[in-house]
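Welcome! Please take a look at the sequence and the 3D structure, and then read on.

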Amino acid sequence: MKILVTGGAGYIGSHTCVKLLNEGYDIVVIDNLVNSNEKAIDRIKELSGKDFPFYAFDVCDGDRLEEVFKEHSIDCVIHFAGLKAVGESVSKPLEYYSNNLISTITLCRVMARNQVKRFIFSSSATVYKPGSPMPVNETADLGCTNPYGWTKYMCEQILRDVVHANPDWSAVLLRYFNPIGAHESGMIGEDPAGIPNNLVPYITQTALGRLEKLHVYGDDYDTHDGTGVRDYIHVQDLAKGHVDAVNYSLKHTGCEEINLGTGIGYSVLDIVKAFERVNQVPVPYVIDPRRPGDVATVYADAGKAKNLLGWQAEKNLDDMCRDSWRWQKQNPNGYHS
Ligand code: NAD
Ligand code: UFG
């Protein structure tokens, strides 16, 4: 069984590649390294003890994609490749729409020409309309507040339409909540460029002393301690969810949207306190005003993943905090360390 993984050098992709290799799948990876480092590919090989073909090019390049499909007999595609910074998408909407939509459409076209009919897509909880009742399930209303979110919303619709027109296709649209943590070895993890936008990389870099203090965006939300609540999920659990989605797509046709979350909401201060307790390291912070666009609370109804994929998150918040810190400590400058 051969899986094409686009964006396999990235944060979630690299963990999924290791899991796929450990489960006995063959993989082929394409990544243009626009937000990642080829060292991640070396580490995937080291961790799994297996070799695989890696191609550094843009998935929007249909001719090169066609060559890869001709060279390898692909059974299923996992499409992680995409731009993902919410704030940047507001200032560079065309880059986001071009990259995220054209890569998805090009992949579908090349897959169709090569009789490949299984597509696992990286979607996001950000497709849910703000204000949806929590826990949010897959039938909730959709609607986004930024171009990044709309690219996920549109790619989902494209894939629903492709499957509708081709009932022998299978597409699994995985809506991730907030991935954190790292591989237990500390060899692969999240390596954001510049100052992190997301909470946990900001915390780990603050604990390391690279950043002075965490800015907690708002303590006046209607939550148990006033800070924003999210559904944080260990990246290793997420990786396992992709293996389960591949197995599901081998046995089913049709298109399914599936939440990958734990179903548990933690506040910003819950995360800070757990991180300090588990790792015995201080995380200085200040309370700042709310970040525009943020909502008080988001957490998943993860029931559909359990029913359809037989998947549920197994790791807890302490695991997430411990593993995020191990990765950061072992790689103070990420893959540039
Ligand atoms: P990431 O940036 O670490 O990984 C994405 C990878 O895709 C990078 O290695 C990048 O170089 C590559 N890439 C981007 N555009 C490409 C293109 N046109 N051709 C080839 N390679 C390309 O991000 P991640 O956190 O691993 O996220 C993976 C996917 O999951 C993304 O689609 C992202 O939008 C989605 N997602 C992420 C989160 C999150 O919080 N991390 C949440 C929900 C959804
Ligand atoms: N936060 C801070 N300080 C920071 C960063 C974040 O207080 O420096 C707070 C935010 O206000 C929010 C929580 O921490 O309450 C989580 O924020 P993140 O930026 O880590 O994550 P978001 O929930 O905003 O968004 C993330 C991804 C999106 C994805 C979404 C899915 O960045 O791409 O999860 O739920 F769509």
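Predicted model: local features only at pLDDT ≥ 70, side-chain atom pairs only at ≥ 80, totals over all residues.

**Two helices**

Let us begin with helix α3, residues 62-71, and helix α5, residues 93-113. Their axes are 10 Å apart, and the helices pack at an angle of about 40 degrees.

Which residues of α3 meet α5? They are Gly62, Leu65, Glu66 and Phe69. On the α5 side, the partners are Thr106, Leu107, Val110, Met111 and Arg113. Sorted by class, this contact has five nonpolar residues, two polar ones and two charged ones.

**Two ligands**

Now move to ligand 1, which is surrounded by 27 residues. Asp31, Asn35, Ser36, Asn99 and Tyr148 are the closest of them. Ligand 2 has 21 residues around it, and those that come nearest are Ser124, His215, Arg230, Arg291 and Asp294.

| Ligand atom | Protein atom | Distance |
|---|---|---|
| Oxygen of ligand 1 | Tyr11, polar backbone atom | 2.8 Å |
| Nitrogen of ligand 1 | Asp58, side-chain N or O atom | 2.9 Å |
| Nitrogen of ligand 1 | Val59, backbone N or O atom | 2.9 Å |
| Oxygen of ligand 2 | Asn198, polar side-chain atom | 2.8 Å |
| Oxygen of ligand 2 | Tyr217, polar backbone atom | 2.9 Å |
| Oxygen of ligand 2 | Asp294, polar side-chain atom | 2.6 Å |

Definitions and conventions
Residues numbered from 1 in each chain as written. Chains lettered and ligands numbered in written order. Heavy atoms only, no water. Axes fitted to C-alpha atoms, helices over the stretch in contact; angles between N-to-C directions. Helix = DSSP H or I, 4+ residues; strand = E, 2+ residues; numbered from the N terminus. Contact = heavy atoms within 4.5 Å. Nonpolar A, V, L, I, M, F, W, Y, C, P; charged D, E, K, R; others polar. Near = heavy atom within 4 Å. Polar contact = N/O pair within 3.5 Å; in protein donor to acceptor, adjacent residues only side chain to side chain.
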